[in-house]
Amino acid sequence: MQVDQLKSNQGEVMDGPLLITPSAFGDERGWFFESWNQRTLDEAVGEAVVFSQDNHSRSVRGVLRGLHYQLAPEPQAKLVRSSLGSIFDVAVDIRRRSPTFGQWVGAELTAANKSQLWIPEGFAHGFLTLSDVAEVQYKARGFWNKSCERAIVWNDPDIAIDWPLEQLEGTEVSLSGKDAGAAGFRTALAAEDVFA
């Protein structure tokens, strides 16, 4: 397994998110890899991680989900992977005291590369579906809690995520009504809907 820290859009190594690429073993019959191991993840993250739920979504090309997060008392951390197709996965640092506050990291997660993105509490998360169809599975620490749930609009100019829209081959970005109407980053700040 390979574990890499990621550089933010401003070139700084971001404390928290990790790109985890398991070792896969294959031959002409197929392949095998360990998609999650408690001991290995705990060592990579530097703390014991106890997951509360597993989530699984299916999206077609152009679907963009996010940027989602949950505040206290039920914040969520996530370990995200694409088990079918490919996505561009993003984590935005919304920890007010962090040196990378408001910056983002992104990685292409595919069924072929088997990479996973660890997103700790304190980050907003979103992904763009790049393939015709993608299935995204993620383990979550912390239960879903509607009253704690928040969202920041995907194309906020202050965050300025460089989504790989050219890979959509002309398909328009498709959003849920909730995501299309999400708050801007400055609005979230003013409402204190970020982490201390």
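1. A pocket, as the term is used here, is an open set of grid points with protein on both sides within 12 Å along at least five of seven lines. In this predicted model, the largest pocket holds about 470 Å³ of space.

2. The lining of the largest pocket comprises 26 residues, and those nearest its centre are Arg-65, His-68, Lys-78, Tyr-138 and Glu-149. By class, the lining contains 11 polar, 10 nonpolar and 5 charged residues.

3. Several elements contribute to this lining. At least two residues each come from β5 (53–60), β6 (64–70), β11 (123–129) and α2 (177–180). The greatest contribution is that of β6, which supplies 5 residues.

4. An open sheet is formed by 6 strands in the order β1-β2-β10-β7-β12-β5, with antiparallel pairing. At its edges stand β1 (2–7) and β5, each of which pairs on one side only. From one strand to the next, the twist averages 25°.

5. Within this sheet, β1 pairs with β2 (residues 13–21) over 5 bridges in the antiparallel sense. Gln-5 lies opposite Leu-18 of β2. Helix α1 (residues 38–45) packs on the sheet, where the helix touches β1, β2, β7 (77–84) and β10 (116–119). The direction of α1 makes about 155° with that of β2.

Note on methods
Residues are numbered from 1 along each chain as its sequence is written. This is a predicted model: local features need pLDDT of at least 70, side-chain atom pairs count only at pLDDT 80 or more; totals for chains, interfaces and linings use all residues. Side-chain values use heavy atoms; hydrogens and water are left out. On a 1 Å grid over the protein atoms alone, a cavity is a set of points where a 1.4 Å probe fits but cannot get out, and a pocket is an open set with protein on both sides within 12 Å along at least five of seven lines; lining residues have an atom within 4 Å of a point. Grid points are joined across faces, edges and corners, and a volume is the space filled by probe spheres set on the points. Helices (H or I, at least four residues) and strands (E, at least two) are DSSP runs, numbered from the N terminus. Ala, Val, Leu, Ile, Met, Phe, Trp, Tyr, Cys and Pro count as nonpolar, Asp, Glu, Lys and Arg as charged, and the others, Gly among them, as polar. Two strands pair if DSSP finds at least two bridges between them. Axes are lines fitted to C-alpha atoms, for helices over the stretch in contact, and angles run from 0 to 180 degrees between N-to-C directions. Contact means heavy atoms within 4.5 Å.
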